[in-house]
Amino acid sequence: GTSIGGACTVPGIGSFGPACSASNSQCTGSSEGTSIGGACTVPGIGSIGSACSASNSQCTGSSEGTSIGGACTVPGIGSVGPACSASNSQCTGSSGEGQGTCSCLSGNYQSATNVCSPIGTSIGGSCTVPASTGSSGSPCSSPASQCTGSSGEGLGKCSCSDQNYQSATNMCSPIGTTIGGSCTKPGTGSIGSACSAPASQCTGSSGEGAGRCSCLSGNYQSATNVCSTIGTTIGGSCTQPGTGSSGSACSVQNSQCTGSIGEGLGKCSCSDQNYQSATNMCSPIGTSIGVSCTKPSSGSIGSPCSAPASQCTGTSGEGAGTCSCLSGYYPSATNVCSTIGTSIGASCTKPSSGSSGNPCSATNSQCTGSSGEGAGKCSCLYQYYQSVTNVCSPQITLDSRCDTSHSNLAQCAADNAICDSRYSYACKCRYGYYVDPSNPARCKAIAELRVTNINFQGISTSQFSVNWDIPDGKAQYIQTFVVEWMPKDNTLRDGGTKTLSDSTTTALLDSGISAGKSYTVKITSINSQLGVNRSVFSSADQDAKPNPPTWKEATDVNPANDHSITVSWNAPSGSVYGYQVSLVDGTTTVLSTAVLQSTSTKLVSTQIKNGHNYTVQIISKSQSNTVDSVPLTEVIKTEVIEPGPPTGANCKDVADEFIIVSWNAPAVPNGDLRQYFIHVSNTSGLVKTVSTYTVVNELKVSGLDPGTYYTFKIYTQNELFNSTSSDATDCQTNAK
């Protein structure tokens with residue numbers, strides 16, 4: 001009892017120790033239950049007395065705690081029997097009646113209500129699977145372990161709980177969550193995997209959480225926390241890598257997994273710029289023709305060389321071969337193999353930079369024409385020709401015999417030469433070309449021998465000469481000149497030909513020339529080397545000088561009516577295109593006019609004067625109007641009519657008995673002036689008439705009276721008429 005007066009159990013026989021807590025105190029009273037139905041302790045073996053106060057009563061029931069976790073009295077010294085009703089249980093806690101608690105013994109756990117079952121000793125040991133209710137504690141001794149299996153006492157097995165694995169004997173460690181996550185490297189007695197991904201393992205340092213999860217050998221990380229089998233050979237199944245992948249899905253170096261996505265749905269193949277050089281071997285593809293490569297062996301698939309139609313040839317061994325074009329192909333450019341033309345005339349690829357070899361199959365052939373794959377044509381090299389199908393033969397020199405059966409082929413070595421059947425099938429320069437003895441490999445254009453700078457001199461009505469220049473350095477190739485002149489109007493029995501030596505550069509054309517006619521003069525240069533005449537000509541036109549016309553007459557020569565006169569002439573012999581008619585006053589041309597298809601013309605000009613001498617000049621024009629005849633000249637005089645009066649009459653000098661009178665010539669004398677005469681009058685009338693007798697511009701009139709007024713009227717006289725009007729002036733003599 002905790003204090004004096006508190007309830008206590010009267011000690012029985014053999015009891016040791018006080019029932020009450022106070023010093024010098026004791027427990028007195030009944031040692032039995034207080035009444036029927038009251039709580040009591042069922043006596044054990046050796047017990048003396050009754051546990052109950054009533055006569056003829058007893059203490060019955062369980063002598064142990066009712067269940068695990070129930071109150072109990074921790075047994076004292078000499079106690080016999082259990083205080084708790086469950087097997088493998090005990091009463092622990094404070095001493096004193098009912099002060100303890102029932103719990104499972106060490107090595108046991110509460111597997112159900114009031115049931116204690118042994119705890120498994122290690123992972124894999126037998127255990128009792130805890131009931132769904134009333135259970136507490138773990139039946140397994142390892143942390144992070146659990147009892148699983150059949151229900152019933154000892155029918156389960158201890159194993160690591162979820163997300164843990166047996167990392168050593170009776171040790172459970174957390175499973176790594178992903179590839180690359182921390183894990184505990186398994187030790188002796190380990191069961192299961194430390195990593196969550198199938199086909200993964202924990203490697204690295206020993207110790208809790210010191211390792212790293214990675215894929216097992218023969219597997220690779222194909223996606224986040226996924227390990228897939230590495231393909232064992234090229235062509236084997238594989239899992240194409242996804243997000244979070246690391247490593248290669250294929251076991252062969254320089255290989256890759258391609259194809260469908262999904263576990264094991266891909267195929268291992270060599271990666272870009274590699275090829276299958278042998279069974280389960282990927283080797284680099286040669287980057288270009290001529291680069292090192294690995295010669296394929298048994299089991300090879302693909303080409304080690306990057307160029308289409310190329311192959312690896314040479315010594316076996318990794319990188320010991322060299323990329324080259326296949327048979328029937330050649331390197332037409334850097335790392336390009338093109339088909340070799342099968343015959344002359346077949347399509348080919350014209351070589352470019354980096355090319356080696358010949359795209360054409362015939363010896364001494366080449367690919368010419370447009371650039372581009374297959375855009376060229378195979379043809380024979382310079383100095384070779386196609387003698388038969390796909391055969392190029394050396395060409396034949398000039399004047400040598402050629403193949404009569406192939407006269408149309410380019411079998412002659414010289415440029416612009418042909419196998420000419422007209423000369424017993426010998427190589428000759430083709431038409432329009434001539435041979436250069438200093439360079440028999442060339443036929444030069446005959447146009448180079450054409451003369452230049454044709455000029456004409458000494459042109460008359462019956463002949464003229466022609467001269468020309470030979471092109472520089474070409475005189476040695478001209479053996480003959482032929483000069484021809486032909487009338488442009490194709491008149492018969494006119495024209496001519498002269499043949500000259502190669503040194504002559506002038507010719508006199510003195511026959512077949514008609515006055516005024518137009519001629520085409522052709523100068524032909526002739527090359528006659530190797531017995532073949534080749535020629536080229538230059539030409540120029542030239543007219544012969546025409547004959548002049550002859551004078552006929554001048555009519556209607558009074559220009560006072562319409563300022564015109566009419567002249568006519570006779571046509572000359574020979575050819576005349578027309579005439580040029582001019583009216584000349586001294587050295588001044590009054591007018592000039594062209595006249596075609598006529599031998600007369602009216603000359604009109606306001607400057608034509610009556611009674612005036614003019615020169616009429618008439619020139620014949622040649623047939624092409626390029627050469628003039630010597631002029632016909634004829635002097636004519638227009639009709640003489642009454643002259644006009646003089647002008648500007650004036651008393652120039654006055655004295656007492658004479659006066660000098662002056663004047664100017666008339667504006668229109670209308671003829672040749674002969675003289676002037678003067679009527680002298682005073683207030684009484686006409687005093688006298690005086691004459692100049694010659695053509696002068698002043699006259700001294702004498703015999704006058706001093707201090708007298710006089711009038712002077714001056715008249716003009718030409719060869720036929722006197723003027724009817726005059727110019728007058730008045731003046732007075734001086735007084736004495």
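Let me start with Asp 672, which has a relative accessible area of 30% and is therefore partly exposed. On the terms: buried is under 20% relative accessible area, exposed is over 50%, and partly exposed is in between, with a 1.4 Å probe and protein chains only. Before going on, this is a predicted model, where local features need pLDDT of at least 70, side-chain atom pairs count only at pLDDT 80 or more, and totals for chains, interfaces and linings use all residues. Residues are numbered from 1 along each chain as its sequence is written, and side-chain values use heavy atoms, with hydrogens and water left out.

What does Asp 672 pair with in a salt bridge? Its partner is Lys 637, with the closest N and O atoms 2.6 Å apart. A salt bridge here is a side-chain nitrogen of Lys or Arg within 4 Å of a carboxyl oxygen of Asp or Glu. Lys 637 sits in strand E48 (residues 632-637), while Asp 672 is in the loop between strand E50 (659-664) and strand E51 (673-682), so the pair ties together parts 35 residues apart in sequence. Helices (H or I, at least four residues) and strands (E, at least two) are DSSP runs, numbered from the N terminus. Lys 637 is partly exposed too, at 28% relative accessibility. Glu 719 joins Lys 637 and Asp 672 in a network of salt bridges.

Now the record. An unreviewed UniProt entry lists "domain: Fibronectin type-III" for residues 450-542, 545-641 and 642-736. UniProt positions are in the numbering used here, feature names are shortened, and annotations may be inferred rather than shown by experiment. Residues 545-641 are 4% helix and 51% strand, with end C-alpha atoms 42 Å apart. For residues 642-736 the figures are 0% helix and 54% strand, with the end C-alpha atoms 42 Å apart.

Next pair: Lys 602 and Asp 562 form a salt bridge, closest N and O atoms 3.9 Å apart. Lys 602 is in strand E46 (residues 600-604) and Asp 562 in helix H1 (residues 559-562), 40 residues apart. Both count as partly exposed, Lys 602 at 46% and Asp 562 at 33%.

Last pair: Lys 488 and Asp 541 meet at 3.0 Å, N to O.

How many salt bridges does the rule give? The count is 11.
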